[in-house]
Amino acid sequence: MTAIRFDYTNTLAEVVGPTHGLTESELAGLAPASAQALERVQARRARDLRWMDLPYQREVHDSILRYAAQVRGRFDNVVVLGIGGSALGNTALQTALNSPYHNLDAPEGTPRLFVLDNIDPDLIGEFLECVAPERSLFNVISKSGGTAETMAQFLLLRERLIESLGERDHRDHLVITTDADKGVLREIVRREGYQSFVVPDGVGGRFSVLSPVGLLSSALVGIDSGGLLAGAAAMDQRCKVPEFAQNPAQVHAAVQFLLHTRKHKPIAVTMSYSHRLRDFADWYAQLLAESIGKRKSSDGRDVFVGPTPVRAVGVTDQHSQVQLYAEGPFDKWFTFLSVDRPDHSIEIPKAYPDLEGVSYLGGHTFKGLFQAERDGTRVALTEAQRPNATIAFEKIDAHAVGQFIYLLEMSVALMGEHYRIDAFDQPGVEAGKIAAYALMGRSGYEQRRREILASAPKISRWV
């Protein structure tokens with residue numbers, strides 16, 4: 001299998017200039033700290049960062065494959081009820097490894113996949129009008145078992161299933177992915193006897209895509225989940241190498257950290273020149289933002305750190321965002337996602353030989369045009385002294401995607417050490433959840449509700 005590559009040439013000072021680019025000495029200067037960061041992260045592997053060993057959980061993977069085989073052909077739809085880390089990876093895997101039109105023309109015996117990652121009543125209402133619950137398998141995903149959005153969806157769909165199928169038969173249409181022992185969802189599994197899978201301890205939501213959180217839906221819709229794990233394991237071996245220049249996670253983390261902190265670029269743009277990878281920009285946005293965006297340092301100081309992730313798609317956003325990127329503020333660095341060999345080769349027909357504005361396209365391919373657009377954007381940004389790197393895939397397959405996932409997870413873990421923050425908590429997210437519980441009248445949150453109501457603005461101004 002071909003290894004993916006991280007090309008950071010265009011982030012260097014000798015290419016984009018010393019004001020915005022990194023010098024070799026700046027990268028070399030971070031190498032000792034990178035080695036120490038790697039040691040600290042690896043030391044936690046067996047203790048509280050068990051996501052690092054997900055590629056090797058053969059028994060768990062086998063149990064997923066057995067379940068997928070048992071239910072094959074029984075359902076028209078697989079519906080993921082989850083949000084954040086319980087949804088973004090599922091969507092990204094489906095987009096990357098199945099046809100863009102899978103839900104219009106799924107292979108015989110393979111269900112469609114829907115990921116209900118929001119509770120907008122119009123989204124839920126339209127789903128109920130378009131999709132028959134009795135022909136669907138619902139995968140309820142919540143590590144804590146108490147995610148309000150997911151549990152509201154569960155309660156609604158459970159009721160609809162019972163109405164359609166009865167108290168006994170509805171159970172075959174629900175499969176739960178949650179903590180092994182704790183949480184209200186695990187208690188519901190015990191009471192109802194639903195099929196369930198476990199999100200292990202030490203696997204936070206944004207690091208869970210290679211656990212049953214992402215593997216179950218993948219296996220159900222025909223994605224090569226074994227290839228994903230094999231690719232992740234291959235990248236794990238590359239990321240264990242202590243030598244800085246040979247370890248893609250160390251280099252990737254160092255480049256991002258230095259561009260942000262030394263070159264004063266707070267915005268990280270991921271621009272996917274692959275329709276298949278476009279939703280991985282969303283997945284990475286959560287991984288980066290929740291992991292690195294922190295108020296407190298590891299020793300308790302206020303630091304307010306973290307780059308802001310932005311997602312863009314080539315060529316679409318050449319016509320909406322690149323004007324800003326090329327001529328706007330010097331506050332961004334760019335990562336292209338690039339594919340050497342797409343699955344399809346389509347020739348552009350020759351026509352209108354007397355019209356140069358269109359005739360030059362004839363005889364070329366869509367691949368050639370797409371890659372010329374990508375390279376043109378790269379040239380334009382580089383000439384404008386905008387640092388940019390590329391994560392290059394020979395082709396999109398499960399092995400390459402598994403490598404990609406693990407590379408970015410390891411890079412973010414190392415970045416946390418550079419920023420001297422805890423990359424694995426999310427107090428800002430928890431604060432919002434607590435406020436929502438209070439406003440919804442959940443027992444135990446009465447004092448917080450009183451505080452929120454007391455602090456509401458005494459005036460209102462709007463037009």
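# Close-up views of the predicted model

**View A. The lining of the largest pocket comprises 18 nonpolar, 15 polar and nine charged residues.** The model is a predicted one, in which local features need pLDDT of at least 70 and side-chain atom pairs count only at pLDDT 80 or more, while totals for chains, interfaces and linings use all residues. Residues are numbered from 1 along each chain as its sequence is written, and side-chain values use heavy atoms, with hydrogens and water left out. The classes are as follows: Ala, Val, Leu, Ile, Met, Phe, Trp, Tyr, Cys and Pro are nonpolar, Asp, Glu, Lys and Arg are charged, and the others, Gly among them, are polar. The volume of the largest pocket is about 1,000 Å³. Its lining holds 42 residues, and Ser-144, Thr-147, Gln-426, Glu-430 and Lys-433 lie nearest its centre. Two or more lining residues come from each of helix H6 (148-169), H11 and helix H16 (427-439); H16 gives the most, with six residues. Helices (H or I, at least four residues) and strands (E, at least two) are DSSP runs numbered from the N terminus. Pockets and cavities are found on a 1 Å grid over the protein atoms alone: a pocket is an open set of points with protein on both sides within 12 Å along at least five of seven lines, a cavity is a set where a 1.4 Å probe fits but cannot get out, and lining residues have an atom within 4 Å of a point. Grid points are joined across faces, edges and corners, and a volume is the space filled by probe spheres set on the points.

**View B. The second largest pocket has a volume of about 740 Å³.** Among its 27 lining residues, Ser-274, His-275, Pro-342, His-344 and Phe-370 lie nearest the centre. Helix H14 (residues 366-383) gives the most to this lining, with seven residues. By class, the lining holds twelve nonpolar, eight polar and seven charged residues.

**View C. One cavity of 30 Å³ or more is counted in the model.** The largest cavity has a volume of about 80 Å³. Its lining is formed by 14 residues, with His-252, Gln-256, Thr-270, Tyr-284 and Thr-335 nearest the centre. Helix H10 (248-261), strand S7 (267-273), helix H11 (278-292), strand S11 (332-339) and H15 each give two or more residues to this lining. Ten of the lining residues are nonpolar, four are polar and none is charged.

**View D. Trp-51 and Phe-280 touch the most other members of the largest nonpolar core, which has 89 residues.** Helix H15 (residues 398-419) supplies the largest share of this core, 14 residues. A separate core of 19 residues includes Leu-157, Leu-174, Val-189 and Tyr-194. A nonpolar core is a set of buried Ala, Val, Leu, Ile, Met, Phe, Trp, Tyr and Cys residues joined through side-chain atoms within 4.5 Å. Buried means under 20% relative accessible area, exposed means over 50%, and partly exposed lies in between (1.4 Å probe, protein chains only). When residues up to four places away in sequence are not counted, Phe-280 touches Ala-92, Leu-93, Ala-96, Val-401, Phe-404 and Ile-405; contact here means heavy atoms within 4.5 Å.

**View E. Ser-338, in strand S11, makes a polar contact of 2.7 Å with Arg-374 through their side chains.** A polar contact is a pair of N or O atoms within 3.5 Å; within protein, one must be able to donate a hydrogen and the other to accept it, and residues adjacent in sequence count only if both atoms are side-chain atoms. Ser-338 counts as buried because its relative accessibility is 3%. Beyond its neighbours within four places in sequence, the contacts of Ser-338 include Tyr-273, Arg-378, Thr-390 and Phe-393.

**View F. In helix H8 (residues 212-220), nine of the nine residues are buried.** Among them are Pro-212, Leu-215, Ser-217 and Leu-220. Gly-222, which follows H8, has a positive phi, near 85°.

View G. Most residues other than glycine have a negative phi, and most peptide bonds are trans. The peptide bond from Gly-314 to Val-315 is cis, with omega near 5°; Val-315 lies in the loop between strand S10 (308-313) and helix H12 (322-327). Tyr-352 has a positive phi, near 50°, and is placed in the loop between S11 and helix H13 (356-359). Gln-385 also has a positive phi, of about 65°, and its loop runs between H14 and strand S12 (388-393).
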